[in-house]
Amino acid sequence: MSAVAVLLIALSTAASAACAAISWKHAAQVERATGGDLVALARSLRALPAEARLAELARRSPPESWERRLALEVMSAADLRAKIAAANELLVEIEQRLDAGSGWPRAAARLSALAALLLATLSYLAKAGPSVVALVLGAGGAGAIASAAAGRAGRAAAVRRREAIDALVRVALEPLDGVDGVDGVDGVDARSGTPSALHRRSRRAPR
């Protein structure tokens, strides 16, 4: 096998691996968006008196986690409007975090396939042989498949994370009278779990 053939195969493999790594980074980012098992945390908080839930949420949550910030900022807010505004701001923030990079896997899959086609064309023009062309295309195809799988995993993880956040918010913010003014993640009302009129935006309290 010529040096050119080896180089083309190596480039296709490297491009494929890079695209797959970028794609899986989004799925990992979604998993790290919150600090722990929010569904289990919500179940345990539900057994407590409503007025004790935010303090207990802050105590049980990992330092610097989103859910701990939610508890601390809502508790420290001066009045009901401020508490609702604080909760809404953090819900918008977590939604943005879950969405960040969601387009990476799709773009990476296309890039891996296009890179493989380009390198396969160069292999053909360089008369590297059909086996080299097949290897180049195979590496690019593997990268595209891995990127697509990462995209599906990231979307599924984001759905699970949003459901867990909504469950936690419904329980933790129950003590707030008028908590219906707080939107859940992705346009789901934080108390009723029903779709809100505003999607992926917070309904802020009037000032």
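This is a predicted model: local features need pLDDT of at least 70, side-chain atom pairs count only at pLDDT 80 or more; totals for chains, interfaces and linings use all residues.
Residues are numbered from 1 along each chain as its sequence is written, and side-chain values use heavy atoms, with hydrogens and water left out.

Colour by secondary structure to begin: the chain has seven helices and zero strands, where helices are DSSP runs of H or I with at least four residues, strands are runs of E with at least two, and numbering starts from the N terminus.

Next, select Trp66 and Ile165, which touch the most other members among the 29 residues of the largest nonpolar core, a core being a set of buried Ala, Val, Leu, Ile, Met, Phe, Trp, Tyr and Cys residues joined through side-chain atoms within 4.5 Å; buried means under 20% relative accessible area, exposed over 50%, and partly exposed in between (1.4 Å probe, protein chains only). Helices α2 (38–46), α3 (53–60), α4 (66–76), α5 (80–99) and α7 (130–172) each supply at least two residues of this core, and α7 gives the most, with nine. A second, separate core of eight residues includes Leu8, Ile9, Val133 and Val136.

Select Glu174 and Arg53, whose side chains meet at 2.7 Å, N to O; Glu174 lies in the segment after α7 and Arg53 in helix α3, so the pair ties together parts that are 121 residues apart in sequence. Arg53 counts as buried at 6% relative accessibility, whereas Glu174 is partly exposed at 34%.

Select Arg162 and Asp99 next, where the closest N and O atoms of the salt bridge are 3.0 Å apart; Arg162 lies in helix α7 and Asp99 in helix α5, so this pair ties together parts 63 residues apart in sequence.

Finally, show Arg69, Glu73, Glu93 and Arg97, which are linked in a network of salt bridges; within it, the side chains of Arg69 and Glu93 meet at 2.5 Å, N to O.

Conventions: A salt bridge is a side-chain nitrogen of Lys or Arg within 4 Å of a carboxyl oxygen of Asp or Glu.
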